[in-house]
Amino acid sequence: MTEYSVLEKENDFEIKDFMLVQRVIKKINSILDLNDLLEQIIEDASETLGFTKCGVLLYDEVNQQLELAAVTGWEDKLHKVGDRFNIGVGIVWKAFLENKIIYYPDINEYPDQLPCDFKSQSHVDIPLVARGIVFGIINAQHTERDGFSEHDINVLKTLAAHVSIAIQNAKLFEAEKHEKEIILRDMKEARIIQQNLFPKKSPKIKNFQIFGMCEPCYEVGGDWYDYIQLPSGNTGVVLADVAGKGLAASLLMASARTIIRMVAMQEESPAKVLRKVNNILIADMPSARFVTLVYAVIDANRKMISIANAGHHNPVIKSDKRIHSPVIEVGLPLGIIEYDYKEYNLQMNSNDKLFLYSDGVPEAMNSKEELFDDERIAESLMKNGSNVDSLYQDVKKFTGNIPLSDDLTIVMIESE
């Protein structure tokens, strides 16, 4: 039995050995599947160096076993991928436990070592090492006694170093992939939860119809719209946008939605609702976060809409083929400082349409980096039969293949 230091200097390689190493490096850079990669490497090494059998065993720390991750040369299937060896069982454990390259030129001279294959006459076991810790073994076997030269062992040692790096990179990749899958799964579940917070259907209101939609630019977002049945019989309509995107914005959105619903059941006036909600959010909202919001209350009997604006885009009214924005003060966003929000009453005539929308509409961008600005919004709404879907489709047609840079939310209140 011959022992070699894992750090022993390599001898000069022959051209075929250099080519083998180059092929291995190329495979490492091009093959993503670890099992496929390991099998191709050991098959190539076996053919180039002329030995008969080879296997890669990786240590399972939980079960304290070596598991066969790749194997070649066992036509009789005596050993196959997935086979496990308990600690101390099998010749490979000595090299693993001692972190040494061990060569058995004639396995018959070591009856205390249980060989992996009784047909093999010589064995070499090379540790796979990362950061000084052994995590596996490359086991090569030959049918002839002293079948491995010192040169062959040095070549295998070089391959083992590359394989060690490939395995560690693959483990990191798999861990990151697993973490990403968990995040994506959680995001999908969060999207389902958030979608359930949106209205399931439009409320039935005398003299009015309401339609709304929201499309987050990520799985979840900070935009939302809501319909609130008020104690007076009137209907509250909310369209809001939490600063930011993604999961953090969606969490704040859910919290703000709950607060607005709670306050709206206590106050009828949109301005008073915004003031109370603002005071609550000032204490709770993280720094650099805020909410822009339009809150409207529909009085169906009077065909009147009372409205207040906290830092949001002003609504647009389509009336008698004319597009205009009502004169409404745009107050500060919610959650920054105290503010005295103003309230305005809009008398709605038959067939008037009031459009509320988030900044995902005017800030939608096409491939020329042009925005779907106020002029394009007016052009879209001037079309006959304009509604939530037509405005949305015009925005999507305008952006083409460019993904949305922000959540896109639209609500239309139509007077009959």
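1. Helices H7 and H8. In this predicted model, H7 and H8 cross in a right-handed sense. Helix H7 covers residues 374–381 and helix H8 covers residues 388–399, and the two pack at an angle of about 130 degrees with their axes 9 Å apart; H7 and H8 are therefore oblique to each other. On the H7 side the contact is made by Arg376, Ser380 and Leu381, while H8 contributes Ser390, Leu391, Asp394 and Phe398. Sorted by class, the residues of this contact of H7 with H8 comprise 3 nonpolar, 2 polar and 2 charged.

2. Helices H1 and H4. Helix H1, which spans residues 15–30, packs with H4 at an angle of about 10 degrees, and the axes of H1 and H4 lie 10 Å apart. Because angles under 35 degrees count as roughly parallel, H1 is described as roughly parallel to H4. The residues that H1 brings to the contact are Asp17, Leu20, Val21, Val24, Ile25 and Ile28, and those of H4 are His151, Val155, Thr158, Leu159, His162 and Ala166. The class make-up of the contact of H1 with H4 is 8 nonpolar, 3 polar and 1 charged residues.

3. Helices H4 and H5. Helix H4 (residues 150–197) also packs with helix H5 (residues 246–264), here at an angle of about 25 degrees and with the axes 11 Å apart, which makes H4 roughly parallel to H5. The crossing in which H4 passes H5 is left-handed. From H4 the contact involves Met187, Ala190, Gln194 and Leu197, and from H5 it involves Leu247, Ser250, Met253, Ala254 and Arg257. Divided by class, the contact of H4 with H5 holds 6 nonpolar, 2 polar and 1 charged residues.

4. Asp146 sits in the loop between strand E7, residues 133–142, and H4. When residues up to four places away in sequence are left out of the count, Asp146 touches Tyr103, Pro105 and Ser122. With Tyr103, the side chain of Asp146 makes a polar contact, side chain to side chain, at 2.7 Å. Asp146 and Tyr103 are 43 residues apart along the chain, and their C-alpha atoms are separated by 9.0 Å.

5. Confidence in the model. What is the mean pLDDT of the protein chain? The mean is 87, and 94% of the residues of the chain reach 70 or more.

How values were computed. Residues are numbered from 1 along each chain as its sequence is written. This is a predicted model: local features need pLDDT of at least 70, side-chain atom pairs count only at pLDDT 80 or more; totals for chains, interfaces and linings use all residues. Side-chain values use heavy atoms; hydrogens and water are left out. Axes are lines fitted to C-alpha atoms, for helices over the stretch in contact, and angles run from 0 to 180 degrees between N-to-C directions. Helices (H or I, at least four residues) and strands (E, at least two) are DSSP runs, numbered from the N terminus. Angles under 35 degrees count as roughly parallel, over 145 as roughly antiparallel, 65 to 115 as roughly perpendicular and the rest as oblique. A crossing is left-handed if the near helix is turned anticlockwise from the far one by less than a right angle, and right-handed if clockwise. Contact means heavy atoms within 4.5 Å. Ala, Val, Leu, Ile, Met, Phe, Trp, Tyr, Cys and Pro count as nonpolar, Asp, Glu, Lys and Arg as charged, and the others, Gly among them, as polar. A polar contact is a pair of N or O atoms within 3.5 Å; within protein, one must be able to donate a hydrogen and the other to accept it, and residues adjacent in sequence count only if both atoms are side-chain atoms. pLDDT is the predictor's confidence in each residue, from 0 to 100.
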